[in-house]
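Okay, thanks for coming, everyone. Have a look at this one with me, and then I'll talk you through what I got out of the coordinates.

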Amino acid sequence: MIIAVASGKGGTGKTTVSVNLAKVFGAWGQLLDCDVEEPNAHLFLPSEVLREGIVTIPIPKVDLLRCNGCGDCSDFCQFNAIAVVGKSALVFPELCHACGGCELVCTRRAIRSEDSRIGMVETRQIGDFLLVQGILDVGISSASPLVDAVKQRIQPGQHAILDAPPGTSCPAVATLRNADFTILVTEPTPFGLHDLKLTVAVVRKLGIAFGVVINRHGIGDDRVHRYCAQENIPLLLEIPDDRRIAEAYSQGKLLIESLPEYRDLFERLRDTLLTLQCSADGGATQ
């Protein structure tokens, strides 16, 4: 089962849910930090790097001796990554999405692709499960290919927990795509509700089953609860507004280890997810 943990905004507790849920899954699961612009799961899970690999994407390079400035490549590119200046094409690598279309439409074979580094993927051993995280290079604007590279490290036969980037931009969508279930983490405030509605629209568009976790329960109001009830959205878990949780987080400690009384919450969340999978699989056992 591939479980994505997402949120409409940063700071709602998405990483808190991800790392603690991964810990209760233990050897059954693996954690993939897809927030490649700011991975932080490793801060809560002391570990050693088992292996690391560089990730590249193909960026077009123009052979000026062959190019006649016809403009076919520029017309094809939907991201304005190639412009025709005078009688030759000029590439803007930071805008390129590495689709390879410009190379295909060039009849003079004046464009060829060269690998360009965008970041790296680390695999770490955390006790009895693995943490995989992507680290985007400074100055690189296209994070989605690195998210895809992280997801390619999913181990078959194990449950995978994907810690998604906040928001609803391309890297977040790349994380959610092909997930079996999405946990949407929010807080009971007007801002939390506004951004929850955005993520609900995304997962519904993608056709992914989902439920909501409310963090810092006890602050704000009941509008998130009423919205979930009106939209028939399952409420999976409520994490209380407890100062001790914030203190543990600030020290890089796991909630279920610093405050063992909360372990049962995440074990019940795990069991709920496994039950949902059994129902989707027609009663298959885990």
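Predicted model: local features only at pLDDT ≥ 70, side-chain atom pairs only at ≥ 80, totals over all residues.

Numbering starts from 1 along each chain as its sequence is written, and side-chain values use heavy atoms, with hydrogens and water left out.

Sheet first. Strands here are DSSP E runs of at least two residues, helices are H or I runs of at least four, and both are numbered from the N terminus. Two strands pair if DSSP finds at least two bridges between them. For angles, axes are lines fitted to C-alpha atoms, for helices over the stretch in contact, and the range is 0 to 180 degrees between N-to-C directions.

Zoom in on β1 (residues 2-6) and β9 (residues 181-186): they run parallel, joined by four bridges. Val5, for instance, has Ile183 as its bridge partner in β9.

What lies on the sheet? Contact, by the way, means heavy atoms within 4.5 Å.

Now a helix pair. The axes of α6 (residues 190-206) and α7 (residues 223-230) come within 9 Å and cross at roughly 25°. So α6 and α7 are roughly parallel to each other; the cut-offs are under 35 degrees for that, over 145 for roughly antiparallel, 65 to 115 for roughly perpendicular, and oblique for the rest. On the α6 side the contact includes Leu193, Leu196 and Val200, and on the α7 side Val224 and Tyr227 are among the residues. By class, that contact has seven nonpolar, no polar and two charged residues. Nonpolar is Ala, Val, Leu, Ile, Met, Phe, Trp, Tyr, Cys and Pro; charged is Asp, Glu, Lys and Arg; the others, Gly among them, are polar.

On to pockets. On a 1 Å grid over the protein atoms alone, a pocket is an open set of points where a 1.4 Å probe fits, with protein on both sides within 12 Å along at least five of seven lines, and lining residues have an atom within 4 Å of a point. The largest pocket holds about 440 Å³ of space. Its lining has 22 residues, with Gly11, Thr12, Gly13, Thr16 and Tyr249 nearest the centre. Which helix gives the largest share of that lining? That's α8, with four residues. By class, the lining has five nonpolar, nine polar and eight charged residues.

The second largest pocket has about 230 Å³ of space. Volumes are the space filled by probe spheres set on the points, and grid points are joined across faces, edges and corners. Here 13 residues do the lining, and His97, Ser142, Ser144, Pro145 and Cys170 are closest to the centre. α4 and α5 each supply at least two of the lining residues.

Last, the backbone. Ala98, in the loop between β5 and α3, has a positive phi of about 55° although it isn't a glycine. Arg216 has a positive phi of about 55° as well, again without being a glycine, and Arg216 lies in strand β10.
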